[in-house]
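Have the viewer open as you read.

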Amino acid sequence: MSLNNRYDFVLVFDVRDGNPNGDPDAGNLPRLDAESGHGLVTDVSLKRKVRNFVGLVKGETPPFDIYVKEKAVLNQAHEKAYVAVGAEEELKGDKKRKGSGDTVGKARQWMCANFFDVRTFGAVMSLGTNCGQVRGPVQLTFARSVDPIIAQEHSITRMAVATEAEAEKQQGDNRTMGRKHTVPYGIYVAHGFVSSFLAKQTGFGEDDLELLWKALEQMFEHDRSAARGEMATRGLYVFKHDSELGNAHAHALFDRINIKRKDAVEVPRSFGDYEVRVDEAGLPAGVSLIKRV
Amino acid sequence: MTSFCLEVSGDFACFTRPEMKVERVSYDVITPSAARSVFEAILWKPAIRWEVRRIEVLKPIKWISVRRNEVSAKASVRNAQTAMNAGQGNLALYIEDDRQQRAGLFLRDVAYRLHAELLPVGDDARANPAKYREMFLRRAEKGQCVNQPYLGCREFAARFRLVTDPDSEVPALAESRDLGWMLYDMDFAAVSDPKPRFFRADLQNGVIDLTQAQVTA
């Protein structure tokens, strides 16, 4: 079932005593907009979590397999039996008659049909020309924190060493120091878009969309680690347009979600220190707001 | 009227210089080709063609550096075809094995006014140009688009607004400088091997006039 609506969405998530997204340029400190002090989480970081979530709940089996994998999630590196799409006879017949451009097209369709992430976010396939590209219907932006964040650095000790040589050097003391970085509290907002036109090209359907929303709602629940601290999705506001082209400007819709620190709070340390105001009055005709979280 | 004006803005943008695309470095301003695709994201049919005439820069040129983990491999068509025919196979791409960290030097906090002309190329558009003009106006006014326009890369989504009276808008950035050679657009005459074309970008009081620009291959 293909999509017949345009969607724009706002994803709100927070972090407590954790590092939502480390910056490889800055020794894994939380990403920071140096000029304004706002925290950043890249689009690819969020997409990774969607992939991991879908991989987890669907067991990485076609048609919900994940193409770009992280080994930590996948410990079942077995060979996949892929579902054949369309008539196989057509496939065989094609080989003889049509040019290579068409076979690339077939392979692309087949990849879309088997892999959730290819169908959702797109992928680049090799083989020369532009036709080897899949443009996914889902487009995500960098997430940015509502207030400037403060990155804290903690020194930690380890009561063991990795190698014997190191133990000798320390004369049996066997202690090493490490560092970890956390954000005491930060609330982040990312924007996203779903194009039904591109969805038709990749075969991204209503079921996939539902799975995407579920992933955005729950992905942090399955991404626990020492570095992350406590992360959670605090809001997922989906603006559904009646038409495929859309019924309103995306930015005008996004402006309806306002997150502010409460007046009395000077140092925010929890979600309760923020007030989320959703302006639902007078939504443009043909746009409905679905509050998923 | 065949000329239209859109104001686009965004938190970040990356109009990658072709000579520095491993570690992406953006041009100082939006390229005509990126501007064209903003218009195309709102309306494009095989019967029409967009030509960007004028780019007005509205905000000072500022930078941000972001390093990200990226994959270095592309999906292999051959492997996909083998698995497709066999009905099984191992196609996965492991990010730990094919990883590269790439820094990008992006623009931040950008805003442009883009002027472009809608030119008919197909017979239908020539016979009935008003149809396409109206279609574009209607869509841009309402915020409709085929996919959300973006500033160079898809993660840098653009806000857009139709400008009906450019004279009453805020003036462009009061700055003139020679921006050097910039990508004008890709020439898709040979579809399998598109060729880049460049132009000398001259920013005069915040405006790049493309009608005067000399474009070379």
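## Where the chains meet

In this predicted model, 63 residues of chain A are in contact with 55 residues of chain B (contact means heavy atoms within 4.5 Å). About 4,900 Å² is buried between chain A and chain B, 57% of it on carbon and sulfur atoms; buried area here is the accessible area (1.4 Å probe) that two parts lose on being put together, summed over both. A:Tyr67, A:Gln139 and A:Leu245 account for 13% of what chain A buries against chain B, more than any other three residues.

Some housekeeping: residues are numbered from 1 along each chain as its sequence is written, and chains are lettered from A and ligands numbered from 1 in the order in which they are written. Since this is a prediction, local features need pLDDT of at least 70 and side-chain atom pairs count only at pLDDT 80 or more, while totals for chains, interfaces and linings use all residues, and side-chain values use heavy atoms, with hydrogens and water left out.

Six salt bridges are counted between chain A and chain B (a side-chain nitrogen of Lys or Arg within 4 Å of a carboxyl oxygen of Asp or Glu). B:Arg108 makes a salt bridge with A:Glu35, with 3.6 Å between the closest N and O atoms.

On chain A's side of the contact, α3(A) gives the most, with six residues. Helices (H or I, at least four residues) and strands (E, at least two) are DSSP runs, numbered from the N terminus. By type, that side splits into 29 nonpolar, 15 polar and 19 charged residues; Ala, Val, Leu, Ile, Met, Phe, Trp, Tyr, Cys and Pro count as nonpolar, Asp, Glu, Lys and Arg as charged, and the others, Gly among them, as polar.

## The second largest pocket

The second largest pocket comes in at about 720 Å³. A pocket is an open set of points on a 1 Å grid over the protein atoms alone, where a 1.4 Å probe fits, with protein on both sides within 12 Å along at least five of seven lines; lining residues have an atom within 4 Å of a point. Points are joined across faces, edges and corners, and the volume is the space filled by probe spheres set on them.

Of its 29 lining residues, A:Arg144, A:Val189, A:His191, B:Asp11 and B:Arg159 are the closest to the centre. The lining divides into 15 nonpolar, nine polar and five charged residues.

A:Asp33 sits in the loop between β3 and β4 of chain A and A:Arg144 in strand β10, so the pair ties together parts 111 residues apart in sequence.

Most residues other than glycine have a negative phi, and most peptide bonds are trans. A:Asp17, in strand β1 of chain A, has a positive phi of about 50°. The peptide bond from A:Pro62 to A:Pro63 is cis, with omega near 5°, and A:Pro63 lies in the loop between α1 and β5 of chain A.
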